[in-house]
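Subject: Handover of a structure and notes on its salt bridges

Dear colleague,

Please find below the structure that I am passing on to you. My notes on what was found in it follow directly after.

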Amino acid sequence: MRLAGPLRIVALVVTVGLTWIIVSILLGGPGSGFPRIQQLFNSPESSVTAEPRARKYKCGLPQPCPEEHLAFRMVSGAANVIGPKICLEDKMLMSSVKDNVGRGLNIALVNGVSGELIEARAFDMWAGDVNDLLKFIRPLHEGTLVFVASYDDPATKMNEETRKLFSELGSRNAKELAFRDSWVFVGAKGVQNKSPFEQHVKNSKHTNKYEGWPEALEMEGCIPRRSVAS
């Protein structure tokens with residue numbers, strides 16, 4: 001019975017000593033913080049150094065445009081829900097946020113030399129008057145850039161003159177544009193060749209992304225500044 005006290009003391013000392021050794025191992029030694037405990041809780045993914053984010057340039061392009069070029073990015077409307085966007089040189093020319101887009105054709109006219117916006121308007125091609133569109137694009141000056149993004153229906157009110165004018169601006173697809181097609185296009189007054197900046201998706205129940213509408217189109221690139229503009 002007299003040995004019980006000393007044995008308890010010895011057991012306590014041993015327990016405290018073992019506890020200290022374990023804690024020292026887990027803590028990684030004096031002054032080293034908690035690296036080993038952290039290692040127990042860190043996942044392999046968290047130990048990998050995060051890759052730096054890719055740098056974005058004007059209008060979100062993945063790389064800068066050459067000198068004397070204008071950076072642009074445009075998106076057609078999605079069905080009849082999400083409006084189109086037209087960005088040029090990091091400036092949003094048309095968007096739902098700016099409250100200057102609408103059903104039909106959304107068109108921004110830009111000075112091809114300075115890159116400055118001349119005018120931006122939306123033309124209802126379902127219930128509007130096509131003559132309003134014709135008055136807008138007939139008197140264009142040489143060198144004017146024309147940015148076009150569709151929303152909902154771009155073509156019901158189109159007539160032969162409208163299609164001809166867009167074709168003269170460099171469009172390949174204006175002649176076949178139809179009800180609820182998706183279309184984005186950049187042309188210019190006075191071009192000799194067809195524009196490389198055009199995308200078109202037909203409205204087809206077999207391939208439509210949305211019920212009654214094809215997918216929205218995105219297009220970006222660098223446009224050479226024009227040498228002549230008024």
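With which residue does Arg-73 form a salt bridge? The partner is Glu-220, and the closest N and O atoms of the two are 3.8 Å apart. Please bear in mind that this is a predicted model. Arg-73 belongs to strand β1, while Glu-220 belongs to strand β9 (residues 218–224), so the pair links distant parts of the chain, 147 residues apart. Arg-73 has a relative accessible area of 27% and is therefore partly exposed. Glu-220 is likewise classed as partly exposed, at 37% relative accessibility. Glu-218 also belongs to this group: salt bridges that share partners join Arg-73, Glu-218 and Glu-220 into one network.

In total, 8 salt bridges were counted. Another of them is formed by the side chains of Lys-58 and Glu-89, at 2.8 Å from N to O. Here too, distant parts of the chain are linked: Lys-58 sits in the loop between α2 (35–41) and β1 (69–75), and Glu-89 in the loop between β2 (85–88) and β3 (91–94), 31 residues apart. Lys-58 is partly exposed, with a relative accessibility of 41%.

A further salt bridge brings together the side chains of Glu-161 and Arg-138, with an N to O distance of 2.8 Å. Because Glu-161 lies in helix α4 (residues 160–168) and Arg-138 in the loop between α3 (130–137) and β6 (144–151), this pair ties together parts that are 23 residues apart in sequence. Glu-161 is partly exposed at 34%, and Arg-138 is partly exposed at 41%.

Yours sincerely

Terms used
Residues numbered from 1 in each chain as written. Predicted model: local features only at pLDDT ≥ 70, side-chain atom pairs only at ≥ 80, totals over all residues. Heavy atoms only, no water. Salt bridge = Lys/Arg side-chain N within 4 Å of Asp/Glu carboxyl O. Helix = DSSP H or I, 4+ residues; strand = E, 2+ residues; numbered from the N terminus. Buried < 20%, exposed > 50% of the residue type's maximum accessible area, 1.4 Å probe, protein only.
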